[in-house]
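Subject: Handover of a structure

Dear colleague,

Please find the structure below, followed by a short account of what was found in it.

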Amino acid sequence: MAEFQAPVGTRDVLPPESTRWERLTALFATRVGRAGYGLVVSPVFEDMGVFERVGESTDVVRKEMYDFEDKGGRHLALRPEGTASVVRAWVQHRPTLPFKAWYAAPSFRYERPQAGRYRQHHQLGVEALGTEDPDLDVEVIALAWGLYGDVGLAQVRLLLNSLGDAKCRPAYLDALRAFLLEHREELCDEHKARIEENPLRVLDCKRASCVRVTETAPRMVDHLCEECAVHFERVKAGLEELGISFEIAPRLVRGLDYYNRTTFEFQAPALESAQNGIGGGGRYDGLTEQLGGPPTPGIGFGIGIERVLLACDAEGVFPAAPAAVDVFVVDVTGSAALKVVHHLREAGVRADQAFGGRSMKAQFKLADRSGAQLAVVVGPDELERGIATVQSLQSNDKEEVKLEAVVDHVRRKLGEK
RNA sequence: GUGGCCGUAGCUCAGUUUGGUUAGAGCGCCAGGUUGUGGCCCUGGAGGUCGGGGGUUCAAGUCCCCUCGGUCACCCCA
């Protein structure tokens, strides 16, 4: 056991596993870049108030905040999710609308780790501010859906709900509250107390007692006002037009309080662990005001990298690919490899060599392991004649090439394949 | 925050029940077999505070206590 280990709930991602992270992030960047989203890099910690403001009655803020005081006495918190930070950045700088942003960043929650749940996890996400158009909801959902397709996941479920807006939600909350109060004694202890404060949270409870009650509770989708109902219908129609299948989930409220209208969650049925949510998000039309900005609609999602990769493992797709080079230079004279490798790399060829004066046998072993197709061999004979032997590591075909022509020759050989 | 299971070589694990010489295997790594050749094979080698601390005992990887870590679950979430 090493003396120092990664802190509880964190882990190191090393090659070859890390190659999946590289590719996943690149696929996402390409996909959202194509849709006009620009990268936002925001601080990994914020004033604690930023998060308190957007989720005071949520578990994420109440009991999972990874907060601390800095040397200047500021109360800071590592961000538990991406939206609050990006929205705070928009309010601070006010770039012109519409503002379409993406990020790839760590998030932190102080909880006990388990399968698919870490204190530091990583999310890919987008935030789009400036329009209420339901087509934007569809665009955003389609971006996440597309990424799951990119990695080859075949079994993703999309759960969809509408939480209404400031016009229709109060009446619904009253109805829900009244219903829950009637059944108060049947709820779990934690939610008996939360009925008044935030009855929606009860819908999110997974305890059997609460689930039994909420199965027959009033549903927001039955209480939407005209505008919200139309919005929801147009989102559904748009998804259908794009061939994205979804299920209506009337009790899907998500873990953060700022959502209204469209909320959605992606689940991976292939995951057997308790954490099968691989992404989620929704609309947050009032959030900019809560952070001191002008009223501005917005929508976004976060995708958990660790969970997506676990889902890929469960489906047997998107395997790690060890780093490989094209050419390995085997040099027993110790006087040619440095230069040959350098020139190959400058010419755009992936090339490597052995260090430490190893035997030819050992160098070939490394060449084999490097994944190279070609070996460039320089021994005493070659050195004396000013040549190198270029050998295929698959067929063992050999050709003698003048040292100064090695780069061109190798590029030609690689181009043939 | 609460609970179950688990910590022995770089990795996967045996050995713990019934305490007893220098703690093992497979894989990986290194070297040699092959004085210019990898993948297969053979031989050899390196590598271990048995998670840490305390206790019981003539003797502890093995029994007891504490502690740290891992893992899974509850709640909740990515």
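Glu 185 forms a salt bridge with Arg 184, with the closest N and O atoms 3.5 Å apart; a salt bridge here is a side-chain nitrogen of Lys or Arg within 4 Å of a carboxyl oxygen of Asp or Glu. Glu 185 is exposed at a relative accessible area of 59%, whereas Arg 184 is partly exposed at 33% (buried means under 20% relative accessible area, exposed over 50%, partly exposed in between, with a 1.4 Å probe and protein chains only).

This is a predicted model, in which local features need pLDDT of at least 70 and side-chain atom pairs count only at pLDDT 80 or more, while totals for chains, interfaces and linings use all residues. Residues are numbered from 1 along each chain as its sequence is written, chains are lettered from A and ligands numbered from 1 in the order in which they are written, and side-chain values use heavy atoms, leaving out hydrogens and water.

The structure holds 32 salt bridges. One of them joins the side chains of Arg 88 and Glu 46 at 2.5 Å, N to O. Arg 88 belongs to helix H4 (residues 83-93) and Glu 46 to strand S2 (residues 45-47), so this pair ties together parts 42 residues apart in sequence (helices, H or I, of at least four residues and strands, E, of at least two are DSSP runs, numbered from the N terminus). Arg 88 is buried, with a relative accessible area of 18%, and Glu 46 is buried as well, at 5%.

Arg 207 and Glu 190 also meet in a salt bridge, at 3.5 Å from N to O.
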